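Hi,

Here is the structure I promised to pass on. My notes on its pockets follow below it.

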Amino acid sequence: MSLDLDGLALAPELADVMQRLSIVGARLQRLIARNGIDQDLAAARGTNAGGDGQKALDVMADAAYMEALKGSAVAFYASEEEDEILTLGPGTLALAVDPLDGSSNIDVNVSIGTIFSIFPAADTAEASFLRPAREQIAGGYMIFGPQCALVVTFGDGVHHWILDPDTGRFERQPDFAPIPKDTSEFAINASNKRHWPAPIRAYVDDLIAGEEGPRGRNFNMRWIASLVAETHRILRRGGVFLYPGDSRKGYERGRLRHVYECAPIAFVIEQAGGRATDGVHPILDQAPDSLHARTPFVFGTAPKVKRIAHYYDSPEVAAAMPDEHLMP
């Protein structure tokens, strides 16, 4: 077995799926480390169902996960790289996956990853995924970087493994502690400011104003353009991530997909004591209306995400609200 699951009371079918995912993850980590030696993993390979450009590694990762899950308990396989849900065989589970998150960073040696979500299979393929995200039984990601790490929740905290490159085995680490509440970091693509809705512009303006602004302190901005890397940082250090919808054509609901990206990350974040919303409403309470539906996404330290929701009512009141009023 490549994944240490000791101490976790998982159903055998779910444990088997996790082992299969980890085997593919270890293979991808090695493949990524050899990018440019064996082949160009960032080479263009067309577009996916959502109209995003595909890289060679996107296609390879999708094929690897699909093949590995054949013969498992996964009946329905939904991938960001596939137009439709694929039926792999009889089974009790449905798995959604973004096989390679952050593929625009492949050729610049920045952390990228895989994001996945597991539901109990419903009567039909579509019903297995077009349901409230709170019905997930597992959600998480693998991050391919200086370390290859697997982060997953089964609804009882956030578990963490690191790949030992010498043995090819994912070794269990201490579970993640609650997301730090006191932090001065936020992540957003500031180049799109002119397109943002007014509440988001007001929130970011107040942060940038620093000590002279209504928040009375200085903040630092981060932007990696890799959702797994942003999530991993926030789990470790706190902060908030924002990818709002904006006024550009095709960006009205942002660019992140509910099923493949936002639902599993929201599950992880809430299990770590944080919050994840579309700006106002919790992601986990929502059901997408289509397989590749997009949603605005705000997640991170709970008080910061709550404050952002208040900006949609009154920026002036939200900016002046004491932190203690936003605590759980």
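The second largest pocket has about 230 Å³ of volume, the volume being the space filled by probe spheres set on grid points joined across faces, edges and corners. Its lining has 14 residues, with I32, A33, N109, V110 and F144 closest to the centre. For the terms: on a 1 Å grid over the protein atoms alone, a pocket is an open set of points where a 1.4 Å probe fits, with protein on both sides within 12 Å along at least five of seven lines, and lining residues have an atom within 4 Å of a point. By class, this lining has 8 nonpolar, 6 polar and no charged residues (Ala, Val, Leu, Ile, Met, Phe, Trp, Tyr, Cys and Pro count as nonpolar, Asp, Glu, Lys and Arg as charged, the others, Gly among them, as polar).

Please keep in mind that this is a predicted model: local features need pLDDT of at least 70 and side-chain atom pairs pLDDT 80 or more, while totals for chains, interfaces and linings use all residues. Residues are numbered from 1 along each chain as its sequence is written, and side-chain values use heavy atoms, without hydrogens and water.

The largest pocket holds about 610 Å³ of space. Among its 29 lining residues, D52, S104, A225, L256 and E261 are the closest to the centre. The class counts here are 8 nonpolar, 9 polar and 12 charged.

An unreviewed UniProt entry lists E80, D98 and L100 under "binding site" (such annotations may be inferred rather than shown by experiment). E80, D98 and L100 are included in the lining of the largest pocket.

Best wishes
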